[in-house]
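Subject: Structure for you to look at

Hello,

Here is the structure I said I would pass on. Please open it next to this email and follow along; my notes on what was found come after it.

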Amino acid sequence: MSGDGLTWSVLLSSLIVLNVSAILLYRKGKMPLWGSGLIIGILGPIIALITGSIFLKIDYSMGGDGFGAAYSAAFIGFVIVGNGILYLVIGIVLGIKNFIKRRQVKQSR
């Protein structure tokens with residue numbers, strides 16, 4: 001498998017697991033979206049460091065210099081953190097919307 005294919009497979013599998021778990025937890029009422037966004041944002045650099053070290057070992061064993069592994073890990077980290085920020089913003093907007101909605105219902109009584 002090429003380096004690009006490996007990068008995309010790690011990125012897509014990580015995003016699928018993180019997004020499905022965040023949405024399921026939100027729908028069950030166990031965690032708000034902004035909380036999932038914070039957790040995903042924190043897990044992004046951790047996943048990037050782990051995959052970067054694995055990619056680096058693979059690249060060194062094939063006689064490379066490691067720059068491609070570093071770029072791939074940085075790309076994975078930025079995309080996952082961006083996804084977490086997106087969940088954080090959506091969760092905050094939904095929280096504000098629900099707060100305003102509850103406040104208007106209380107005032108109309």
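Helix α2 bends by about 25° at Leu 43, and a proline, Pro 45, follows within four residues. Please keep in mind that this is a predicted model. Leu 43 itself lies in helix α2.

The rest of α2

Helix α2 runs over 33–61 and has 29 residues. From its first C-alpha to its last, α2 reaches 41 Å, close to the 42 Å expected at 1.5 Å a residue. The buried residues of α2 include several glycines, namely Gly 35, Gly 37, Gly 44 and Gly 52. Also buried in this helix are Leu 33, Ser 36, Ile 40, Ile 47, Ala 48, Thr 51 and Phe 55. The cover over the buried residues of α2 includes α1 and α3.

Leaving aside residues up to four places away in sequence, Thr 51 touches Val 10 and Ile 76. Val 10 is among the buried residues of α1, and Ile 76 is among those of α3. Just after α2 comes Gly 63, with a positive phi of about 90°.

Does the length of α1 (3–28) agree or disagree with what a helix of its residue count should span? The 26 residues of α1 should span 38 Å at 1.5 Å a residue, and its end C-alpha atoms are 38 Å apart, so the two agree. The buried residues of α1 are Thr 7, Val 10, Leu 11, Ser 14, Leu 15, Leu 18, Asn 19 and Ala 22. An α-helix has 3.6 residues a turn, so residues three or four places apart point the same way. Among what covers the buried residues of α1 are α2 and α3.

Ser 21 is also in helix α1, but it is partly exposed because its relative accessible area is 33%.

After α1 comes Gly 29, whose phi is positive, near 80°. Gly 29 sits in the loop between α1 and α2. Its relative accessible area is 63%, which means that Gly 29 counts as exposed. Gly 29 and Gly 82 are 53 residues apart in sequence, and 23 Å apart in space from C-alpha to C-alpha.

Helix α3

The 42 residues of α3 (67–108) should span 62 Å at 1.5 Å a residue, and the end C-alpha atoms are 62 Å apart, which agrees. Buried in α3 are Ala 69, Ser 72, Ala 73, Ile 76, Gly 77, Ile 80, Asn 83, Gly 84, Tyr 87 and Gly 91. These buried residues pack against α1 and α2.

The largest pocket

What is the volume of the largest pocket? It is about 240 Å³. Of the 12 residues that line this pocket, the closest to its centre are Gly 3, Leu 6, Phe 55, Ile 58 and Asp 59. Helices α1, α2 and α3 each supply at least two residues of the lining. By type, the lining divides into six nonpolar residues, five polar and one charged.

Ile 58, found in helix α2, and Gly 3 are 55 residues apart in sequence, and their C-alpha atoms are 9.6 Å apart in space. Is Ile 58 buried or partly exposed? Its relative accessibility is 36%, so Ile 58 counts as partly exposed. Phe 55, also listed closest to the centre of the pocket, is one of the buried residues of α2.

Best wishes

Technical notes
Residues are numbered from 1 along each chain as its sequence is written. This is a predicted model: local features need pLDDT of at least 70, side-chain atom pairs count only at pLDDT 80 or more; totals for chains, interfaces and linings use all residues. Side-chain values use heavy atoms; hydrogens and water are left out. On a 1 Å grid over the protein atoms alone, a cavity is a set of points where a 1.4 Å probe fits but cannot get out, and a pocket is an open set with protein on both sides within 12 Å along at least five of seven lines; lining residues have an atom within 4 Å of a point. Grid points are joined across faces, edges and corners, and a volume is the space filled by probe spheres set on the points. Ala, Val, Leu, Ile, Met, Phe, Trp, Tyr, Cys and Pro count as nonpolar, Asp, Glu, Lys and Arg as charged, and the others, Gly among them, as polar. The expected span of a helix is 1.5 Å times one less than its number of residues. Buried means under 20% relative accessible area, exposed over 50%, partly exposed in between (1.4 Å probe, protein chains only). Contact means heavy atoms within 4.5 Å. The bend at a residue is the angle between axes fitted to the seven residues ending there and the seven starting there.
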